[in-house]
Amino acid sequence: MLCGRAVLRNATCPLRGIRRTAVDYPGQSFGRGGIQRVAQGTTGSEIGTGSLLLLGIPIASFGLGVWQIKRKARKEALIEALSARLSAHPINLPTDPAEVATLDYQHIRVVGTYDHKNELFLAPRTRRRENFDGNAGDPGAQIVTPFVRADNGQRILVNRGWVPEEHRAVETRLEGQIDGTVEVDAIIFNPKPSKPNSFVPDNVPEKNLWFWVDLPAIAAALNAEPILVEVTDSSTPVSGFPLGGQTEISIRNEHMQYIVTWFTLSAVTAVMWGVRVRPQLSRWLASRR
């Protein structure tokens, strides 16, 4: 070191020709900048832009976690309400399509006759199972049949259930082609107006190929009102096909994994923020003593 630990003002340095420079120490002010530069490092500028941005991540992700908790509660309440409709005592099917559209998954009953000659297939479909057994299920189709109501002559659509591929042909399930007036126990189903996803092929009405439930198009093709009901298992014919009871409440409830994700991110980034600012906070606290 030159001339001791600091170069004092008006001091004579024995090493001639060397320019004297002011040295800054905490709590002192020697030369330009002085304590201001040190203070900035200990009282906040280093806990500025970068650290504040990092602090925003745990705060925001914590808020998103709380939001997902609220959404989960609302979704579970909706599923519970729809499940209650499924198990409720059946009501008479309304005649107004607009009213029917508000009664998704409502348990209903309706009396009339089937028009088996104009049935169509929704395919491919697999049989609904209560528990997944490890395989994808046998391939098959669901049968949608026009149904003429006995009370007002209104023509609606009934999804009669699932048949395996070997029973798609009418002659293989003649016992299930019920004639005459019947009372149908069913569930109102209001499908989404668009394809489930981009992997599902487009329907080809002119070839009677239906891959997804385009209710207006199917109703137009079968000259029926856009009202669709799906029979319960109690309406399955004695022969066994079509197999009713294929209705499922298809409402996604994945909020728990989102809750875990957001709160985990909040905790991890909060620790990262603490590690980042701990040295600056320590120096700032020390400077306040």
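Modeller: Helices here are DSSP runs of H or I with at least four residues, strands are runs of E with at least two, and both are numbered from the N terminus. The model is a predicted one, in which local features need pLDDT of at least 70 and side-chain atom pairs count only at pLDDT 80 or more, while totals for chains, interfaces and linings use all residues. Residues are numbered from 1 along each chain as its sequence is written, and side-chain values use heavy atoms, with hydrogens and water left out.

N208 is not a glycine, yet its phi is positive, near 60°. With a relative accessibility of 41%, N208 counts as partly exposed; buried means under 20% relative accessible area, exposed means over 50%, and partly exposed lies in between, with a 1.4 Å probe and protein chains only.

The loop between β6 and α4 also holds K195, which is partly exposed because its relative accessibility is 25%. K195 stands 17 residues from W212 in sequence, while their C-alpha atoms are 6.5 Å apart in space. Leaving aside residues up to four places away in sequence, K195 touches V200, P201, D202 and W212, a contact being heavy atoms within 4.5 Å.

Y105 is in the loop between α3 (97-100) and β2 (107-114), and its phi of about 65° is positive although Y105 is not a glycine. Y105 is buried, because its relative accessibility is 4%. One runs from A123 to P124, with omega near 0°, and P124 belongs to strand β3 (residues 120-126). The other joins F241 and P242, with omega about 0°; P242 lies in the loop between β7 and α5.

Buried residues of α2 include S51, L54 and L82, and the buried residues of α2 pack against α5 (255-288). In α5, 34 residues reach 46 Å from first C-alpha to last, close to the expected 50 Å. A kink of about 45° lies at V277, shortly before the proline P279; the bend is the angle between axes fitted to the seven residues ending at a residue and the seven starting there. V277 is among the buried residues of α5, as are H255 and I259.

Finally, a word on confidence. The chain averages a pLDDT of 82, and 80% of its residues score at least 70, pLDDT being the predictor's confidence in each residue, from 0 to 100. Over residues 1-45, pLDDT stays under 50, and the model has 42 contacts beyond four places in sequence for them. Where pLDDT is low, the predicted coordinates should not be read in detail.

How values were computed
Expected span 1.5 Å × (residues − 1).
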